[in-house]
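Open the model in your viewer and keep the selection panel at hand. The stops below go in order.

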There are 2 protein chains.
Amino acid sequence: VKTVLVSTGGGRYDVVVGHSLLAGLGAAQARRVHGGQVVVCVDDNVAPLYLEAVTGSLRTEGLSVSQIVIPAGESQKSLARAEELYGILYDRGLHRSDTVVALGGGVIGDLVGFVAATFQRGVRLVQVPTTLLAQVDASVGGKVAVDFRGAKNYVGTFYQPHLVAADLDVLASLPPRELRSGAAEAAKHGLLGGGSLLRRVERFASAGATASAVTEALVAGNVAYKAAIVGEDEREVSGRRAVLNLGHTAGHAIEAATGFARFTHGEGVGLGLRCALWLSQRLTGLSAEAVARAQALLDGVGAPGRLTGVTADEVIALIARDKKASDKGVGYVLLEELGRPVVGVSVPPELEREAVEWLLTR
Amino acid sequence: VKTVLVSTGGGRYDVVVGHSLLAGLGAAQARRVHGGQVVVCVDDNVAPLYLEAVTGSLRTEGLSVSQIVIPAGESQKSLARAEELYGILYDRGLHRSDTVVALGGGVIGDLVGFVAATFQRGVRLVQVPTTLLAQVDASVGGKVAVDFRGAKNYVGTFYQPHLVAADLDVLASLPPRELRSGAAEAAKHGLLGGGSLLRRVERFASAGATASAVTEALVAGNVAYKAAIVGEDEREVSGRRAVLNLGHTAGHAIEAATGFARFTHGEGVGLGLRCALWLSQRLTGLSAEAVARAQALLDGVGAPGRLTGVTADEVIALIARDKKASDKGVGYVLLEELGRPVVGVSVPPELEREAVEWLLTR
């Protein structure tokens, strides 16, 4: 078991990474989070697999445990579902010192996290991420939100959990495509962090990037990298946290171009990272060797090699809208070297188009 | 003009207190908050009085200004109204670097503040409080919320504004009962802070506690006191912020006993403060002289002298529910001396009943 301490202005908490953690969740929670009532929120994909282990473990510690099971899927990240959850918590008499457990992937973490952040201005929150994406990325850093009118995460806040428990055993039940989605974010962290973190992600790729290749050191290394960034800039004020957008400018546009239907988030990020590498070679002096090494890593974690099913015009229009929606001056995140990102790089329109066309035709 | 700097983990901002500030709001805002689009939110009581002055002042600075006018009243603090506001901000293409101005009293500050805090995880927020209650208390400290199923402020968060502009001239249009509501919170701060703050509130009371008796020093002194507390304990974690609940345990129960229909918040707090003083004399050694001085201050600011229209049983049942809803160990806030509060005092049930009965029969 590895434990990473996350420390931000909004709170200090442990991220515990290891095997067989679900069975020990009650004990881990009782050591860190005091409070009588616990409500476990889960979707109907994850509930049959892990809900009983979690509630049983919490009951063993003498906690009063109940559960809420909602349908699976991104469409659940709505204000309507949040309001329904408020009502259930209200009916169960949840107090500020009680605890909500978010057992699931990014959708559950975002939705339940938002509800926990805002119910009575914040109850205790324990994140139990069950996807690789949530373990290496989404469950750490305090971003919680619901979607609004099809715009992702448009209503939300920053709220740090009181404990994150990432059990590697649960990854065995993930569909390969979902596993690759998390692997793409791990690759992003490797490219940003460089050094031993990059080598760790490369070893994971060499081992086939399967669930059984995920190690405590891999997940804990990703969490520690993200924790360091978030610790410096919890609310995306200073720009430090902006490095985490590496690959996300084009990646988000690629996802949006097909209404979030064709590509997973990880696939969008994988393609966006390839695009950022291409631009980094031309604009920020990333060496050809470094680009080749990074593209090989993306191959290794199963990122798509090529963009298909959309046009360059569609992607470019969506990149423009995304940039317009940001604060002025925030442009692309690119790399000078592996492990050395630069933020706010402005990319000439013709080069941007060339990059997207390269992605379509390589 | 007096300026108080509020500094918390969630942000640093100025509270500007003075006369004729509405006309200068554009300039004050342009110096502190950068960003092109500004949406001013206001209720239909305040709009005819001050909306034009505010939007005109902002337009003079070259800002792109629009407005949202909603009906007045506590019933507007709902998730449904928040969702409608999200939709309007979405339609107007508001970005994270744009600004929402909350022009009004506590309802507007809480509702619009909550929307600003959560739309895109936080846009810039300027509070322009138009009631004495909002100027000396509600607009400072970052508590924002809507009500849920009749429970006050049950869905909310902590979000610090980027600027608060308290224009004393707007107080002239307040109904006397609304002015007294703010005066009760000022009295609370005086009793908590003691010393020069207490003497300042006493001078305000001696001058008749009218709108024209409100000085920059009075409001700025209240803001500085609250800012110091909130700076130490933004999110009510350490218990330091709990001192601000002086008078609120019985006060909230008194308000709730008539469904928030009979007493204003300030009247509830005034009665709750009288109750806390009575208990302080018996439990925490507050001298008879200090109690007499404090009760005279409450008389001076126009707090109700006596509780009417409810029974002791009703109030006591609601106090019990309120205490149960809090974290364990948080009891009454009482005073050892004027200016020296103690938190978490447990009050024997028979003494609590005696205090409420005293309030009913004095």
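This is a predicted model: local features need pLDDT of at least 70, side-chain atom pairs count only at pLDDT 80 or more; totals for chains, interfaces and linings use all residues.

Residues are numbered from 1 along each chain as its sequence is written, chains are lettered from A and ligands numbered from 1 in the order in which they are written, and side-chain values use heavy atoms, with hydrogens and water left out.

**Stop 1: the two copies.** Show both chains and look for the rotation axis. Chain B can be laid on chain A by a turn of 180° and a shift of 0.0 Å along the axis, with an RMSD of 0.0 Å (a least-squares superposition on the C-alpha atoms of residues with pLDDT of at least 70 in both copies). The two copies are thus related as by a two-fold rotation axis. Now select G9(B): of the residues of chain B, G9(B) comes closest to that axis, with its C-alpha at 2.9 Å.

**Stop 2: the interface.** Select the residues of chain B in contact with chain A (heavy atoms within 4.5 Å). There are 34 of them, and they touch 34 residues of chain A. Because 100% of the interface residues of chain B are also interface residues in chain A, the copies meet through the same surface. Together the chains bury about 3,400 Å², 51% of it on carbon and sulfur atoms; buried area is the accessible area (1.4 Å probe) lost when the two parts are put together, summed over both. Highlight Y90(B), R121(B) and Y154(B), which supply 22% of the area that chain B buries against chain A, more than any other three residues.

**Stop 3: a salt bridge.** How many salt bridges does the rule find across the interface of chain B and chain A? The rule finds 4, each a side-chain nitrogen of Lys or Arg within 4 Å of a carboxyl oxygen of Asp or Glu. Select R149(A) and D91(B), whose side chains meet in one at 2.7 Å, N to O.

**Stop 4: an aromatic pair.** Over all chains, 12 aromatic pairs are found (rings of Phe, Tyr and Trp, the latter by its six-membered ring, with centres within 6.5 Å; planes under 30 degrees apart count as stacked, over 60 as edge-to-face and the rest as tilted). Select Y90(A) and F148(B): their ring centres are 5.9 Å apart and their planes at 70°, so the pair is edge-to-face.
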